[in-house]
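Please look over the sequence and the model shown here before reading on.

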Amino acid sequence: MILQGINLYRIALVVYFLLSWMPGAYQSKLGQFLIRICEPYVGIFRQFVPPIGMISLAGIVAFFALRFIEYGVTAVFQLVFNLLI
């Protein structure tokens with residue numbers, strides 16, 4: 001259940017990043033929804049990852065950090081499962 005939520009959030013992040021390439025896409029209902037759910041997470045990384053010219057790498061770092069979180073959750077579940085057996 002938690003891993004499915006992480007996967008759904010990862011998909012939301014990809015769509016959120018793709019919307020930045022389309023003018024006016026953030027003004028749509030989907031764009032506004034994705035801003036509400038994705039920007040708080042990506043904003044954390046914007047504080048620490050400086051942009052290179054006009055390109056922000058915070059989204060890429062946020063995406064990979066979510067992947068590491070997924071690995072951590074999986075490891076914890078495997079550890080708990082092995083302790084219960």
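From the N terminus on, the elements of the protein run α-α-α, and its secondary structure comes to three helices and zero strands, where helices (H or I, at least four residues) and strands (E, at least two) are DSSP runs numbered from the N terminus. The radius of gyration of the protein is 16 Å, well over the 12 Å that the globule rule gives for 85 residues, so the protein is more spread out than a compact globule; this radius is taken over C-alpha atoms, and the globule rule is 2.2 Å times the number of residues to the power 0.38. Along the principal axes, the C-alpha atoms fill a box of roughly 55 × 30 × 15 Å.

This is a predicted model, in which local features need pLDDT of at least 70 and side-chain atom pairs count only at pLDDT 80 or more, while totals for chains, interfaces and linings use all residues. Residues are numbered from 1 along each chain as its sequence is written, and side-chain values use heavy atoms, with hydrogens and water left out.

The accessible surface of the protein comes to about 6,300 Å², of which 76% belongs to carbon and sulfur atoms, as computed by the Shrake-Rupley method with a 1.4 Å probe, with only the protein chains shown counting as cover for residues. Of the 85 residues, 25% count as buried, which means under 20% relative accessible area, with exposed set at over 50% and partly exposed in between (1.4 Å probe, protein chains only). Among contacts (heavy atoms within 4.5 Å) between residues at least 6 apart in sequence, 52% join residues at least 24 apart.

Two of the helices can be set side by side, with the expected span of a helix being 1.5 Å times one less than its number of residues.

| Helix | Residues | End-to-end C-alpha distance | Expected span |
|---|---|---|---|
| α3 | 27 residues | 39 Å | 39 Å |

In α1, the buried residues are I6, R10, A12, L13, Y16 and L19, and they pack against α2 (29-46) and α3 (58-84). The buried residues of α3 are A58, G59, A62, A65, L66, E70 and V73, and what covers them includes α1 and α2.

Which side chain does the side chain of R10 meet in a polar contact of 2.3 Å? The partner is E70, a polar contact being a pair of N or O atoms within 3.5 Å of which, within protein, one must be able to donate a hydrogen and the other to accept it, while residues adjacent in sequence count only if both atoms are side-chain atoms. R10 lies in helix α1 and is buried, with a relative accessible area of 12%, whereas E70 is found in helix α3 and counts as buried at 10% relative accessibility. The side chain of E70 also makes a polar contact of 2.9 Å with the side chain of R67. Leaving aside neighbours within four places in sequence, E70 is in contact with L3, I6, N7 and R10, and R10, not counting residues up to four places away, touches F63, L66, R67 and E70.
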